[in-house]
Amino acid sequence: MEYIVRFAQTHETFRRPELEALATLWNIELKIVTYSEDSPFCVVRLPSDDVARKLVSRAILVDSVYELWGSGPNYEALHADVKAKSQGKWDKYTTTSFRFNVHGYQCKLTNKEQRPIIESFSYLPFDGPIKMKDADVQFWVFEEYEMYAPSPKFLYFSRFIGPGGRDTVLKYDLKKRRYISTTSMDAELALITANIALARPGGLFYDPFMGTGGFPIACAHFGAMTTGSDIDARSIRGKPNRNVLSNYAQYDLTDYWLDWFISDLTNTPLRISRFLDGIVCDPPYGVREGLKVLGRKDGGGTEAVYINGVAAHLQEGFIPPKRAYSFDAMLDDILDFAAQTLVDRGRLAIWMPTANEDIELAIPEHQCLKLVANCIQMFNKWSRRLLTYERLPDELVGELIPRTKRIVEGSNADELNNFRRKYFEGFKPSTPSEK
Amino acid sequence: MKLLTLNFLTCARKACKPLPTSFPLHPADATLATTETAFSPAFLRNILPRLDWPALKGLCDELGLPGVGDEAPGPEALFEDGELPESDEDIVGEIEAGKRPTKLAHDLHQLLVETVMLEGKLVCASCGHEYAVKEGIANFLLPSHLV
């Protein structure tokens with residue numbers, strides 16, 4: 001049967017991957033018939049109303065889903081299509097209470113303008129009471145306009161099935177969250193990331209750069225058991241009443257919190273075995289938050305330091321030295337880590353920034369990981385993208401070819417991190433004097 | 001730090017990681033506590049085959065906790081036929097109709113998810129490095145000479 005998925009007209013490149021991820025999660029047979037980034041209306045084929053309701057129930061970018069009764073470029077064609085396609089359905093609704101809604105995309109219709117449109121459907125044999133509130137069935141007429149066009153370019157007639165998951169965004173709004181930092185991911189995108197990563201009840205999800213815990217919380221919302229780590233002990237511990245655990249408590253999610261620890265991904269204490277269902281992260285890229293790993297910039301410190309005969313590193317308050325690290329090298333490390341720790345078909349969802357002039361920049365690859373989604377959020381001169389990979393089962397990977405890590409020369413953050421340097425130079429086009 | 005997490009932690013040093021003695025880490029001066037957490041049969045079933053059972057058994061012995069069996073239980077040991085008791089009502093969606101969690105399932109939940117190490121140290125048997133656990137948070141950062 002055909003349904004209309006009505007998307008929110010925002011984060012367009014994330015909409016389809018999110019819907020497809022949810023179909024994968026619940027093993028739903030989803031066939032996308034028509035889809036365009038410029039339109040909120042997407043026609044899909046799904047087995048039943050119940051499946052349609054379930055599919056969109058937690059989709060952050062879906063407003064709602066409808067059963068398609070007919071469509072066409074003008075009202076004449078629409079009515080003909082409704083009569084041809086949906087006449088068999090009319091009998092079911094002859095006595096139920098109902099209401100009609102008319103909604104224009106890129107056009108607002110007044111009540112006066114809506115009335116003749118609704119009346120043009122009077123051939124439908126609906127004798128039930130009309131209820132503006134709590135009607136049993138709601139019918140929707142959608143008009144789709146080009147920007148500033150006088151008349152619609154396409155029309156749909158449909159029956160309301162169920163709402164999407166957009167209300168969730170309000171609940172997790174960062175403005176109302178007790179503990180956040182400068183790099184906290186916007187709640188809407190964090191929830192979408194959790195959806196694309198297939199966060200689900202019973203699954204184990206890990207964020208190696210958790211900061212104030214935005215991603216683990218988004219995964220926990222969908223019932224996953226969550227764990228995280230960060231190299232910055234302060235962000236994990238927070239203050240007595242404002243820390244990651246208080247965020248979990250704020251949303252009543254403490255049952256889904258497993259653990260956290262202080263660690264550096266390049267020296268991870270996690271056992272190398274395939275035990276994670278998903279990894280979600282937004283690694284620091286050196287603009288608001290520096291990208292650091294353990295070790296010393298000058299390569300020194302190869303001997304333990306003793307103060308009055310006691311090893312300095314075992315004393316209270318010891319802060320291990322950290323050095324700047326290259327974002328490209330970190331991406332390689334994350335992909336390696338994911339390949340070693342994700343279960344078959346487990347997903348890695350990772351955010352990375354790019355300057356718009358480098359938009360064609362190579363997407364990091366790994367033999368064990370298949371790219372399943374590449375979503376872009378555009379800003380003025382740069383953009384960031386959410387890359388989602390799936391861990392292939394070993395039998396599909398074949399013999400492993402050893403990877404050569406990208407080596408980036410340099411010792412300070414600007415030399416190591418191309419994106420950071422370009423960001424602070426204001427993304428000026430490169431001049432010949434630069435190498 | 002939950003006992004479940006300890007089953008997935010080794011020494012963070014690259015030099016130690018390939019050595020079998022770097023896993024599991026051994027608790028020292030440990031203060032244990034219990035935190036009440038909702039029981040999730042779906043999670044337990046999911047995580048059970050990923051546990052290193054000898055390491056879990058060793059950890060229980062070292063901490064003086066009631067032991068677990070020598071052999072890792074299979075997923076069938078977590079559920080038995082019978083009516084779901086009222087105390088387990090909220091897990092109704094995660095469990096097959098006509099089944100209920102066994103005592104073993106509840107015991108494992110208590111051991112893995114509800115038992116936490118609040119304070120103490122985790123010691124690597126290979127290099128002897130001690131990782132501090134404070135307020136339930138373990139610190140795996142290394143000084144430069146161990147990186």
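Me: How do I read helices and strands here?
Reply: Helices (H or I, at least four residues) and strands (E, at least two) are DSSP runs, numbered from the N terminus. Over residues 1–166 of chain A, the chain is 29% helix and 31% strand, with the end C-alpha atoms 24 Å apart. This is a predicted model, in which local features need pLDDT of at least 70 and side-chain atom pairs pLDDT 80 or more, while totals for chains, interfaces and linings use all residues. Residues are numbered from 1 along each chain as its sequence is written, chains are lettered from A and ligands numbered from 1 in the order written, and side-chain values use heavy atoms, without hydrogens and water.

Me: What is the order of the open sheet of 7 strands in chain A?
Reply: Start with pairing: two strands pair if DSSP finds at least two bridges between them. In chain A the order is β2-β3-β1-β4-β7-β6-β5, and the pairing is mixed. At the edges stand β2 (31–34) and β5 (98–105) of chain A, each with a single partner strand, so one side of each has no neighbour in the sheet. Inside the sheet, β4 (residues 62–72) and β7 (residues 154–163) of chain A pair in the antiparallel sense over 8 bridges. Look there for Tyr66(A), whose bridge partner in β7(A) is Phe160(A).

Me: Which strands does helix α2 of chain A touch?
Reply: Contact means heavy atoms within 4.5 Å. For directions, axes are lines fitted to C-alpha atoms, for helices over the stretch in contact, and angles run from 0 to 180 degrees between N-to-C directions. Helix α2 (residues 49–57) of chain A packs on the sheet and touches β1 (2–7), β4 and β7 of chain A, its direction making about 85° with that of β7(A). Helix α3 (residues 75–90) of chain A also packs on this sheet, making about 100° with the direction of β4(A).

Me: Why can charged side chains pair?
Reply: Side chains of opposite charge can pair when their charged atoms come close. The rule for a salt bridge is a side-chain nitrogen of Lys or Arg within 4 Å of a carboxyl oxygen of Asp or Glu. By this rule there are 29 salt bridges over all chains. In one of them, Arg6(A) meets Asp63(A) at 3.8 Å, N to O. Arg6(A) lies in β1 and Asp63(A) in β4 of chain A, so the pair ties together parts that are 57 residues apart in sequence.

Me: How many residues of chain A are in contact with chain B?
Reply: 43 residues of chain A are in contact with 38 residues of chain B. Buried area is the accessible area (1.4 Å probe) that two parts lose on being put together, summed over both. Between chain A and chain B that area is about 3300 Å², with carbon and sulfur atoms giving 61%. The count between these chains is 1 salt bridge, and Arg50(B) and Asp277(A) meet in a salt bridge at 3.0 Å, N to O.

Me: Which strands form the open sheet of 11 strands?
Reply: Its order is β17(A)-β18(A)-β16(A)-β11(A)-β8(A)-β9(A)-β10(A)-β6(B)-β5(B)-β4(B)-β1(B), with mixed pairing. The edge strands, β17 (369–378) of chain A and β1 (26–34) of chain B, each pair on one side only.
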